[in-house]
Amino acid sequence: MASEHNGLLNVTNSSTPHNKLLDTVIRTPGRQPSPQPTHLGVPGSKPSRILQETGSGYVAPKFEGKTKQMDEVMDQVEEKGFIPGDLVEDETKWFYNELGIDDMYFSTETVGNIVSQILSLYAAKVAAYARDDKKLEIRLDKEDADHAVYIDTSVPGVSSSDGSGFEARLEEKYLDGSRGAKSYRVETFRSPSKLPGEDDQSLRCYFVYLCTFKNSTPDPTETKIDALGDERFLLKASAHTKELYQRVMDAIVTRTGPVIDMYDIEGTREKRLVVGFKQGSALGMFQALSDLYHYYGLTSSRKYVEQFSNSITIMSIYLKPAPHNASKHPPIEASIHQVMKEVSLLYCIPQNKFRSHFKNGKLSLQESIYAHCVWVFVQHFLNRLGNEYNTLASVLDPSNSVHAEVLSKLKKRLRTETFTADYILEIINQYPNLIRSLYLAFASTHYVQTRGDKDDFLPTLSYLRMKVDRVQTDAELKDLISKTAINQHHEMVMTAFRIFNSSVLKTNFYTPTKVALSFRMNPTFLPPEEYPQALYGMFLVISSEFRGFHLRFRDIARGGIRIVKSRNREAYAINARSLFDENYNLANTQQRKNKDIPEGGSKGVILLDIQHQDKVAVAFEKYIDSIMDLLLPPTSPGIKDPIVDLHGKEEIIFMGPDENTADLVNWATEHARVRGAPWWKSFFTGKSPKLGGIPHDAYGMTTLSVREYVLGIYRKLNLDETQVRKLQTGGPDGDLGSNEILLGNEKYCAIVDGSGVLVDPNGLERTELLRLAKNRKMVVDFDASKLSKEGYRVLVEESNITLPSGEVVNNGTTFRNTFHLRETEKYDLFVPCGGRPESIDFSSASRLIVGGKAIIPYIVEGANLFITQEAKLRLEKAGCIVFKDASANKGGVTSSSLEVLASLSFDDESFLSHMCVQKDGTVPQFYQDYVKQVQAKIQENARLEFEAIWREHEETGIASSILSDRLSIAITNMDEELQGTELWDNVELRRSVLSDALPKLLLDDIGLDKILERVPENYLRAIFGSYLASRFIYTMGISASPVSFFAFMNKRMSKVKGTQ
């Protein structure tokens, strides 16, 4: 963060906006309401629902042998001799009749186990008399693979840090891991009678059972409770309970987020809270719900967690006022609605980092989760470099690759070593009162009370506090932090809260319809010395499973969404530190790639939490849905909470597939359609052809561009392709790697992929290699018998492998990760088609240079950011011909852009008939022809840029890697300038340029007039500007003068007037 003082951002001291009423909320033009990801039973929206039946809604079948079993238990208890004879009957009957345990338990438990539990309970009572405080403390647990029993003592309505921890334990051991057929249901009861003593304790019993489903492998479309339920549940649940659960089930299967409902219990003040969600989407929810209702002075008499074989969880909690809290909290009739509204907030982050403050009442749930979100924010944006770094950066020459590398390494070290996530957490934890004041400023801006004091939805306690506590201005908060923080580091961290508050333009924090927390940020707080190219837009998304960003450099921008996994905690820490910078650099590369298309560059990166590496689909769905919350107004029947939109402009984001998301884009497209997004057809590219998508891998779109650069080198240097020795990272299993093999005809000498390394100096057997590429198989599947005597394969899991040369490979993974840097192998061409960013940096590039000369003559960087800019320049200086990713790898974005253009140009009916592959597999003729035009356009654009860079390099001697960037900047800058000129107002010129820029097939089938009518004007302006700018720069050169543009436009206008 840029400096305010001592390295802090200069935050504008504007007065904090007052709470927004509905009529003052900024409305984004043209936004349409949409269905929501969460179902919420809303008070006031319909008549209150009252459960007519008495009891729990569960009726255990009567255990006919209960009396006989009790007699056996008493006999065995008496035999043990531990309990005095005259107390045996009382203790046994107390266990059987007073604890609320139903007959189902006794019918399934053994006499021996019951005896053991009665003895343990009595022992706890005896032990209490030996304590100074005479406190009766029972901690009884029995855990097995198929069931568990927990019994403890606690004060109703109180979350205690020194309690038994049984809820957290059973949740972690049984509930969190419940999936499909292997799932556990829970029943828990609180004894209605108070235990002896003065602290209002009572006994709580938890029973966990492995589910036995009636149908463990149901049809994916099955939603009937009777077909999906556990046999024990189906036996015990009343008809009314099944009906209630059926309604919840029907709602869950159509939603991304939780279903939250509440019912009054007839004749009592008790409320039945029902929460349903998809298994694995809310780990830690069971315990977190307890903390939530305890905060509002409520306790539960019984709770049920039911699992269904279609991977749905439904919790039922019976709530009533805690006996000791009546005077401290609002009545349950009010607080139950607060609990309901906050369940969806809890669902987003069930176990936040500040829950200890929430449990002890120092912070509300909103305040603790707000603090958690800012904690994540601080990790990525706290300025850890300081003024000293900025001074050094101003002294050193950034064009000097050695200086640039020194600064890069220094930046990494400073960021790593100054403020760790744990250190930031430790600091924030010390200031709960500051958090409350800072949260109040945030809430006063973004909380919407839709009907003023007559709001039909009761506000949360945090909002009620706004009526009591004064909201401080930013200047007052600055002064408060300065006086409260104990040192400079603490002041920097807490000042980041102010920066966060001032940067949030809109958020879904206060709408009950959310599955993750999303924030649209104003990115102007980023220090320009670290991020020289200003971002247009930034989204920060936070959930329990992940954190993620979406960054874009223009209003209309496109780029893929990638999910980053981590092998271990160390890898996660590294990935977390580099998350934003990697996202920024990827988006920046995309911006340079997108020079030929109307969209600017963007990128989304999702980092899975170390505990949730298996949650790829869950994280992706939550990420997409929560961003859509900020693109579409979050309104649903009965909830009138529009978000506060300080951005105030319509936003449409174009996304596509990237690492670990290719299989998920169909869901995103369908979800956008279901939510009523008018732009659902263009929201995601890379989708199924049945949805109008043009899959990059099936048609080799990305590879076509890379190949044009490879073929350009061959053409310029008169090389025989069949004799070129080739190294490739990214194997035959990937999109780019497989198509590079299929389209090329070089002598492959080595391929590196996720499974290992495959080498043959004499050339890998082509037929076998093509087999792998066509079937998307990794090199582990290569038939090793087809290797020559000098050939070998080393897999990542292997160790102590002797190569044909006699060299011993100690570790297969290390060998794979560094193989591309080996000096012993000889190659003519290296095409990285896969691999992590910065696989070759300034230092490691030295291993590819011997005697001042690059050992690989030609490199075409297919994989994004594989080689750092400093390393490219070092290699080029050593004689290597290098074409960077931003130039070579742009085929995919061109394909995606033309796919979007088609979706915007057609109406829905025509889109389905022209661009969507039919259910029987029939491919429309238009689709086939359009794909060929897209491929031709990719090759044309790549060829034009290759020729421009080659020509400019020969004329100036400037490195191609620098020319590539200059070319991109020149085109994008001119593009933006042209869009703002009066040239667009020249209707004849506009129509002429668009007639050349738009695909001929679209013009022939739809007509220019219809396209102009259907496609948004800002998108058409972007097409107009990008086409003119790219053609001018490609033709006239990067340094072309205004006179050259005048000549270029004269030629263009002559064409318009038909005089040429």
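I took buried to mean under 20% relative accessible area, exposed over 50%, and partly exposed in between, with a 1.4 Å probe and protein chains only. On that basis, 59% of the 1060 residues in the protein chain are buried.

I noted that this is a predicted model, in which local features need pLDDT of at least 70, side-chain atom pairs count only at pLDDT 80 or more, and totals for chains, interfaces and linings use all residues. Residues are numbered from 1 along each chain as its sequence is written, and side-chain values use heavy atoms, leaving out hydrogens and water.

**Whole chain.** I looked up the surface next. The protein chain exposes about 41400 Å², with carbon and sulfur atoms supplying 50% of it. These areas come from the Shrake-Rupley method with a 1.4 Å probe; for residues, only the protein chains shown count as cover. I then found 39 helices and 28 strands. Helices (H or I, at least four residues) and strands (E, at least two) are DSSP runs, numbered from the N terminus. For contacts I used heavy atoms within 4.5 Å. Among contacts between residues at least 6 apart in sequence, 72% join residues at least 24 apart.

**Cysteines.** I searched the whole structure for disulfides (cysteine sulfur pairs within 2.5 Å) and found zero. For Cys-348, the nearest cysteine sulfur belongs to Cys-373, 8.6 Å away. Cys-348 is buried, at a relative accessible area of 0%. Cys-749 also counts as buried, at 3% relative accessibility.

**Sheet.** I traced an open sheet of seven strands, ordered β11-β12-β13-β14-β16-β15-β17, with mixed pairing. Which strands stand at the edges? They are β11 (504-507) and β17 (654-657). Each has a single partner strand, so one side of each lacks a neighbour in the sheet. From one strand to the next the twist averages 20°. Strands pair here if DSSP finds at least two bridges between them. I checked β11 against β12 (residues 517-521): three bridges join them, and they run antiparallel. Thr-507 has Phe-519 in β12 as its bridge partner.

**Helix crossing.** I looked at α29 (residues 869-877) and α34 (residues 960-979). Their axes come within 8 Å and cross at roughly 130°. Axes are lines fitted to C-alpha atoms, for helices over the stretch in contact, with angles from 0 to 180 degrees between N-to-C directions. I therefore logged α29 and α34 as oblique to each other. Under 35 degrees is roughly parallel, over 145 roughly antiparallel, 65 to 115 roughly perpendicular, and the rest oblique. Gln-869, Lys-872, Leu-873 and Glu-876 in α29 meet Ser-960, Ser-961, Ile-962 and Asp-965 in α34.
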